[in-house]
Each structure stands twice: as structure tokens, then as C-alpha cells.
Amino acid sequence: MRIGLFTDQYYPFVSGVVTSIKMLYEGLTNLGHECYIVTSMAEDKIKDLEKQRKNVINIYGRPYPFKDLRDYRYTFSHRKYLKTIKNLNLDIIHVHTEYNISKLAILAHKKLHIPMVHTLHTLWSDYFKYVSPFFDKHFHKLMEKYLRKLFTGPVSKNSIIDIVPTKKVYDQSLKYGLNSDIRIIPTGIDLDKFNPKHFTNQQINDLKNKLGIKPNQFVFLYIGRASKEKNIITLLNSYAKACKGNFDTVFVLVGGGPQLEELKEYCKELQIDNQIIFTNTIPREKLPIYYQLGDIFVNASQSETQGLTYIEALGSSIPLLVQKDDCIKDVVENYYNGIYFEGEDDLTLKMKEILRAPETLKKIKSNTINSVFEYSKETYTLRVFALYEEAIEKFKKQQS
């Protein structure tokens, strides 16, 4: 089968959406299918993919005029790229965005009569503040209405089937204008890459030494984008209350993003900057060993649609300490493979509890890897491919 994956972002950009698409691309390719990435990225980033001989079609675009969206592109005309898409001779289009590149996907679907499916990865209303904090505060409902009318609605209307990664997103599907045929397919990852069996103690200790982590320090670990919707401020506040001055602990934050410098300054205000390590952005292929730094993985975000970093941490045999949220209730079982907290004060208490009860954490750690087998890249790919076959048959019946 010849498959087009349409997205506004792709590797080497780091995000849960990119991880999902990359896993699907690799899984489909491993099954022998011809898979193409259709995206719009800066030329210097695309060159790296071209060197790897990836099937990437880059649509020229200009960066958005918003500081926190500068990694994204917009295109003035999509029609001139129709011939390029036609030459791919696609059997199906799988669109992973509701914005710029989705317009090309819809146009190709209509003009070239190619069946289309759509995955809603992101609850975009959480990101309105990046476009306009003022409008987000005063006109949030109105912005949601236009999001549905101009973006998610049209993509879903032209799709045979919509895919969502969790029940949380499914429950909000009406709000986002999705059609009636919606399937829940959890995103998969390459779990084997994160298995601790691939890393020696020497490799881990060398990385700790490089970053300035002392051999016996307890490591609270965050891996992800440094941005407001991740609620990292809560993590820092709780860490300051629970561990300030306790140099047997350290908090390591792995990842870059628009809030990075603000967070560094905030740590100075909290007077914990000598207990915090920021790594900035780490290339995706090097991330697995960074999970091995942690004694526990922490996250306070409530904007996740599935929480792929949570699954990566569990696949790395790292227990979780995470904000309770509907999107991860199928991933995290309280005091089995992780611990839930509810708000900043509760997180502070749980951090103190973990440091006092190493046996509890050891027991949780023993359950981590076995709890995420269903989220493998292979399972994810097979589920999506079966959906492609169904969508193609449905489209044929609609056309006859």
C-alpha cells in the first residue's frame, strides 16, 4: 500500500505528535509498505532527513508570526503542490494536523479522489494562549467555535474515519467537531529502545558525571517540552518545598522549548538553581539513556492526549509521579506502576513520601515494564493499517 502521512511537524522536531508519526512511518515501512511524509519545515531540518533517504515531501512555508509557534509554517497556495501528490499515487491519506498541511490533504482528497483518515493528536484549545493570551482569557469559547468551524471540522468532515489516542480525547470529540465514526487507537512507541538492558552502569554513570549528577543523588526527572501547558512551574514549586537544601536530591529537566529561559530564572527566584539541571533539547535517538538518569519521572501537565513520555518512562523501568488526568488512566495504575498527585500541595507531600519510603518505590519499579506491552510500535501499526483497509473499502462504496 502507498500511504501519505500529512503533518505540520516532523523529526527532528521533538513532540509526542512527531513521535507518533515517526513510529507509524517506521512500522508501516517495516511491513513493506511505501510511506511518504508530507510536511512543511525549515530547509535546514529537512536536509538531515534527505541525507537519511527518508520519503519526505517538504512544502515551502513561512514561519508563523508568533514567538511560541516559530517552528511551524504556513503556505499561501496548496493547489500548486497537487501534481506532486498525484505523482505519489497514494492509496490513502492519513492527516495528522488540522492546520496548514491539512488544507493540502483535503484538496488532494477531493481533487485526486484519495480516501482520507484523520488523527486528532492535540487538544488545541490548551494552546490558544500562545496565539493570544488576551483572546484566550476573554474569548476562549469563541476561539473554540472558530477552531471547530475552520480547522478540525473540515478535516473530520472529509475523513472516512477519525482516530483519537485516548478516551479523554474521544469524550471531547464533539467539542472539536469530529464526525460520528471515531476510533480509539493508542499511539505506540519502540519500547525495546528504552529497555534498560541496552545500557551499562558505566554508560549511565558517565552521563551522570557529564551532567554533574552525583553518584548517590536521588533524581527527579522531567523529559518533555519546556512550555507553559506542561505546567513545569508546579513541579519546581513542589520540589522547592520538598527538597530545597537537600543535596541528596537533584531535579533534571530534559528538553528545550519557549519557556526554558523563564524556568531557569524562576529556579533562581526559588533559590534551587544549584539543585536543578537543564539539558536543553536532546536528539530523539539519544533520549533513551536519559530516562536511565531518573529514580522517578515527574509530570504535572493536564494538556496531554496520551502522554507518550509516560509510556517511555515505564518502558525504561522508571516509576511515575504524575498529575491525575483522564488521558493516562489506562496507562497509570496508582501505586502499581506509578503514583498520582492532585495539585501542587499533594505533589509536595508525595515527593517527601517517596524519599522516606524507598521500598515502596522499589516495588512500583518492578511493575513498570510489564505494564506497557500493549503500547508497542508493532501493535499500533497493525491497528492503524487495519483501519486503512476498512477506510478504503468504505470510500469505494461511497463512490459507487
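Me: Is Phe-297 buried or exposed in this predicted model?
Reply: Buried means under 20% relative accessible area, exposed over 50%, partly exposed in between (1.4 Å probe, protein chains only). Phe-297 has a relative accessible area of 0%. So Phe-297 is buried.

Me: Which kind of aromatic pair do Phe-297 and Tyr-310 form?
Reply: Rings of Phe, Tyr and Trp (its six-membered ring) pair if their centres lie within 6.5 Å; planes under 30 degrees apart count as stacked, over 60 as edge-to-face, the rest as tilted. Phe-297 and Tyr-310 sit 6.0 Å centre to centre, with 65° between the planes. The pair is edge-to-face.

Me: How many residues apart in sequence are the parts that this pair ties together?
Reply: Helices (H or I, at least four residues) and strands (E, at least two) are DSSP runs, numbered from the N terminus. Phe-297 lies in strand β13 (residues 296-299). Tyr-310 lies in helix α13 (residues 308-315), so the parts tied together are apart in sequence by 13 residues.

Me: What is the relative accessible area of Tyr-310?
Reply: Residues are numbered from 1 along each chain as its sequence is written. Local features need pLDDT of at least 70, side-chain atom pairs 80 or more, while totals for chains, interfaces and linings use all residues; side-chain values use heavy atoms, without hydrogens or water. Tyr-310 is buried, at 0%.

Me: How many aromatic pairs does the whole structure hold?
Reply: The search covers the whole structure. Its count of aromatic pairs is 6.

Me: Why is the pair of Tyr-291 and Phe-297 classed as it is?
Reply: Tyr-291 is buried, at 0% relative accessible area. The ring centres of Tyr-291 and Phe-297 are 6.1 Å apart. Their planes meet at 25°, so the pair is stacked.
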